[in-house]
Amino acid sequence: MINDRLKSRLEEADALREKAHYRQSLSIVNRALKTCGPRDFEGAYRCHLLSGHNWRMLGNFEKAIAHYEKAISFAGGISPADISLAEGAKTLLPDATVSLSLAYRALGDWKEALSLLREAEKAYKRLKDEEALAFVLWSKGGTFRIKGDIGRAIETLLEARKMFAALGDEHAVGFCLNGLGGANRIKGAYKTSLACYTKANTLFKKLKDPFGLAYSFCGIGNALRMTGRHEEALKHFRQALRIYRRIGDIVSSSYTLWSTSKSLVMTGRPAPALKALKEAEGFFARTRDPRGKIYCLLSEAEFSAMKGGGKKPIELAARALEISRRHGFAIEACHASACLDFFKGETGDSLDTTCYRRLGLRRPDFRKVPVNIP
């Protein structure tokens, strides 16, 4: 059972995490972990779980996975009779399993993520834990999006939002709206995407949630970008970046920088666009995000093509396609394949649209570079 001092430290650390003060939270957790005795399984479990959460938000997914796996190992040694929160004893293992799935998802391993989520879902169904089941649905929705199954992503996120609304969890509703905004943008439903992100933005302003707010600012920017409103988009990307940089979130910063680069290049500003792209590339390399690598390769191919790059655009698009296929990213494989064909000289109606039709997505306009992919 956790002693009062350790419990107080962990509560302080968790409060900091919820305010997006991840490094301050980690500092407290690290000190707290040193106070755990050799048989203090619950204390060690909660320290490692919280460490995993912080490292995941900071973009160090390998460290997050290591902490989540340690949490899982300590969960097995906890006796329900000893736990300080006896009612929650049975949820410790699935809670850590869901968190582990999110770290694997961030590394692009959606297959492992879905497997872990199914495992946790079975446990929560036995426990009839509605809140936890809603969180699993939200997690699955985001994972389906990375897989490229946008229809299931939207369906699952809608179900999660309905459950969270019934539970009165406004934060979770906001994150479902953000997820729906992203999935609808990929689908090509840009007005729906903008509406979802705007609702989330309003909600997170009220809740004073910096991460959720930045997420919605970036989402609004991307929805605007896809409708050609690039100056408005750039304004929202800057708002998102200010928050992300303040809280130390390089994961989200990297995608925002890539989107910034895309809007800049679409409006004829290649120099600042390239600068933003290089910064995004550096962050993606640090977080080992294969999807980010793919998008950067496709942007590099465009820059090379605009300079009359010969075979270089084809080589870069081919690398993006290889990574997409290796990880099973259906959407990114579509983009990479279409870009590859485009750089080989196929345009307009001659460009194969089968991939996009099969996934139920709107095909980007490949008549000239740069291409505004979602």
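Predicted model: local features only at pLDDT ≥ 70, side-chain atom pairs only at ≥ 80, totals over all residues.
Q: How many disulfides does the count come to?
A: The count comes to one disulfide.

Q: Which cysteines form the disulfide, and how far apart are their sulfur atoms?
A: Cys334 and Cys355 form it. Their sulfur atoms are 1.7 Å apart. That is within 2.5 Å, so the pair counts as a disulfide.

Q: Where do Cys334 and Cys355 sit in the chain?
A: Cys334 is in helix α17, residues 330-343. Cys355 is in helix α18, residues 354-359.

Q: Is the link of Cys334 and Cys355 left-handed or right-handed?
A: Left-handed, with -120° about the S-S bond.

Q: Cys334 next: buried or exposed?
A: Cys334 counts as buried, at 1% relative accessibility.

Q: And Cys355, buried or exposed?
A: Cys355 also counts as buried, because its relative accessibility is 18% and the cut-off is under 20%.

Q: Switching to Cys36. Which cysteine sulfur is nearest?
A: That of Cys47, 4.3 Å away. Cys36 is in no disulfide.

Q: Is Cys36 buried or exposed?
A: Cys36 is buried, with a relative accessible area of 17%.

Q: Buried or exposed, for Cys176?
A: Cys176 is buried, its relative accessible area being 0%.

Conventions. Residues numbered from 1 in each chain as written. Heavy atoms only, no water. Helix = DSSP H or I, 4+ residues; strand = E, 2+ residues; numbered from the N terminus. Buried < 20%, exposed > 50% of the residue type's maximum accessible area, 1.4 Å probe, protein only.
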